[in-house]
Amino acid sequence: MTSAASAVPPGVTATQRAAMRLRAWVPAVLVFALGILAWQWLLPDGLHVKRFLLPRFSSVMTTFWDERQPLWSAGWFTFKEAVFGFALGCSLAFLLALVLARWKPLGRALMPYAIAANAIPIIAFAPITNAWFGLLSPWSKIVIAAVLCFFPVLVNALRGLTSVPPESLELMRSYAASEATVFRRVRIPTCLPFLFTALKVASVLAMIGAVVGDYFGGSTKALGIQIQSSVTLSQYEYAWSAILVASILGIAFYSAIALVERLALNWHPSMRKEAP
């Protein structure tokens with residue numbers, strides 16, 4: 001069943017549908033505009049927030065434009081680490097979820113340990129990965145991003161693979177379908193909404209892991225190192241500009257996963273815009 005916000009009454013034209021979607025975005029746009037106005041004038045002038053806490057918005061945007069070449073170069077360097085970590089962590093997690101869904105006793109034996117491992121602050125392993133792969137190796141950051149992505153995808157994918165309605169499994173067994181066919185025809189399609197939810201979360205975690213992993217050492221080309229060094233040199237406008245680059249890349253990554261989800265799941269009821 002679709003949510004009330006996404007339900008569109010029957011007989012609505014394309015123009016009316018577009019207008020409804022625009023109206024749905026109005027509150028978010030207003031909050032964003034008020035936040036920018038407060039950042040520019042209220043915080044520095046009215047509340048006297050110091051520059052080292054939060055520079056004026058116009059100063060950050062000026063630095064963002066003037067230093068766009070080194071900022072985007074560093075952003076792309078870190079973004080590649082995040083993407084590789086995302087691909088590695090999510091692939092291994094989905095493969096393990098398939099194994100645990102196929103052999104459920106193994107899943108029941110391993111899941112408590114997986115949950116316990118997920119409770120460990122993974123960023124604390126950054127110095128260890130630096131020792132394993134080398135301080136300047138991108139693999140130390142890729143592994144951190146992969147581990148951050150691994151557990152959300154594993155838990156959600158396993159839940160999706162094991163949430164198949166019993167009548168669907170009985171129907172497949174009545175056709176004498178093999179276990180591989182059951183996975184391909186029933187379990188994996190049922191898992192996809194759960195999987196894409198986890199992938200969207202993982203896309204954000206991968207960017208966080210890649211940036212924060214740089215704080216423990218890395219190439220000077222990396223975005224996290226530039227944020228850290230600019231704060232050390234009191235270049236706060238540059239630091240906030242680098243954070244803005246990381247945010248834009250993270251939003252773009254999330255949006256790309258959401259677009260793939262919409263294209264891959266256009267058959268699923270949750271993706272339909274008709275009334276329930």
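Which helices each supply at least two residues of the nonpolar patch? They are H3 and helix H5 (126–133). The structure is a predicted model, in which local features need pLDDT of at least 70 and side-chain atom pairs count only at pLDDT 80 or more, while totals for chains, interfaces and linings use all residues. Residues are numbered from 1 along each chain as its sequence is written, and side-chain values use heavy atoms, with hydrogens and water left out.

**Overall architecture**
- The protein chain holds 10 helices and 0 strands, assigned as DSSP runs (H or I of at least four residues for helices, E of at least two for strands) and numbered from the N terminus.
- Its C-alpha atoms fill a box of roughly 70 × 60 × 30 Å along the principal axes.

**Confidence**
- Mean pLDDT (the predictor's confidence in each residue, from 0 to 100) is 84 for the protein chain, with 92% of residues at 70 or more.
- Over residues 1–7 pLDDT stays under 50, and the model has 11 contacts beyond four places in sequence for them; a contact means heavy atoms within 4.5 Å.

**Helix H8**
- Helix H8 (residues 179–213) spans only 41 Å between its end C-alpha atoms, whereas a straight helix of 35 residues would span 51 Å at 1.5 Å a residue; the expected span is 1.5 Å times one less than the number of residues.
- A kink of about 45° lies at Leu-192, shortly before Pro-193; the bend is the angle between axes fitted to the seven residues ending there and the seven starting there.

**Salt bridge**
- Glu-261 forms a salt bridge with Lys-200, with the closest N and O atoms 2.9 Å apart.
- This pair links helix H10 (residues 236–264), which holds Glu-261, to Lys-200 in helix H8, 61 residues apart.
- The count is 1 salt bridge, taken as a side-chain nitrogen of Lys or Arg within 4 Å of a carboxyl oxygen of Asp or Glu.
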